[in-house]
Amino acid sequence: MTQQAATGDQAGTWSGIARRPSAVAGIGYTVAWLVSQVVGAPNPSVAASGGQVVAAFAGRDWPVIVNLVLSEGIAAVALAVVALMAARAARPGGGPRGGLAVAVFGVAAAVVSWAELVLAAWLQFGPVASGHATAAGTLYSAIQRIDGAKMFVLAAMAVALAVLSLASAALPRWLAPLALLLAACLVISGFGYVLLANALSDAVFVAGVLLLAVVTATGVTLRTIR
């Protein structure tokens, strides 16, 4: 194969990916998340006190809002698109129930993310801006617990993706073990956030990387069965 032919094949591959909404959404999900992590937004522990929350977030309006719009807004839209496209692709391929489950849990997780965006913005421009440590601590803890509940929903979506990849040709079979590992990590980190337990919540770092990999891989490898 000549270098020119190889370059043409590569360009054709990227062109094909760019024309598929699921692939664009899957890649966009990871890009939004990665950019959100480098804007300088504070990240207190799940068990942070109200005073620690106010100290961490005070005067950081722009980094916080940019982080929220990317990670809880744009990324949530991309997740919902990937989930809905998975359900659509699986419909004729023998996995309609699995696809429906992916869509339900994926969209539910996206809705929770949008709710978190609103609550976190309220925290930033309400209790934090006014320096009310008690209210800030209460609202921050509530957001962490909601985030933990969202992780359980995402874990259910991951299990549904694993089932779908085994039951339908819409997704590759190698995605199943990766999705199941993601589900296990999400459950552990979810308990950490719900219980405000730092030791368990640290599993989110592994779960986060796996979530990016699974969502992006789903979007890129998803194919319609005819």
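Which helix does Ser-36 lie in? The answer is helix H2, which covers residues 21–36; helices here are DSSP runs of H or I with at least four residues, numbered from the N terminus. The model is predicted, so local features need pLDDT of at least 70 and side-chain atom pairs count only at pLDDT 80 or more, while totals for chains, interfaces and linings use all residues. Residues are numbered from 1 along each chain as its sequence is written, and side-chain values use heavy atoms, with hydrogens and water left out.

Ser-36 is buried, at a relative accessible area of 1% (buried is under 20%, exposed over 50%, partly exposed in between; 1.4 Å probe, protein chains only). Setting aside neighbours within four places in sequence, Ser-36 is in contact with Asn-67, Leu-70 and Ser-71, contact being heavy atoms within 4.5 Å.

Over at helix H7 (residues 175–194), the picture turns to a nonpolar patch, to which this helix gives the most, with three residues. The patch is formed on the surface by Val-187, Ile-188, Phe-191, Leu-195 and Leu-200, and together they have about 420 Å² of accessible area (Shrake-Rupley method, 1.4 Å probe, with only the protein chains shown counting as cover for residues). Patch residues have over 30% relative accessible area and no salt bridge; nonpolar side chains (Val, Leu, Ile, Met, Phe, Trp, Tyr) are joined within 5 Å, like charges within 9 Å. A salt bridge puts a side-chain nitrogen of Lys or Arg within 4 Å of a carboxyl oxygen of Asp or Glu. Phe-191 lies in H7 and is partly exposed, at 42%.

Leu-196 sits in the loop between H7 and helix H8 (198–201). Leu-196 is buried, at 19%, and has a positive phi of about 55° despite not being a glycine.

Conventions
Helices (H or I, at least four residues) and strands (E, at least two) are DSSP runs, numbered from the N terminus.
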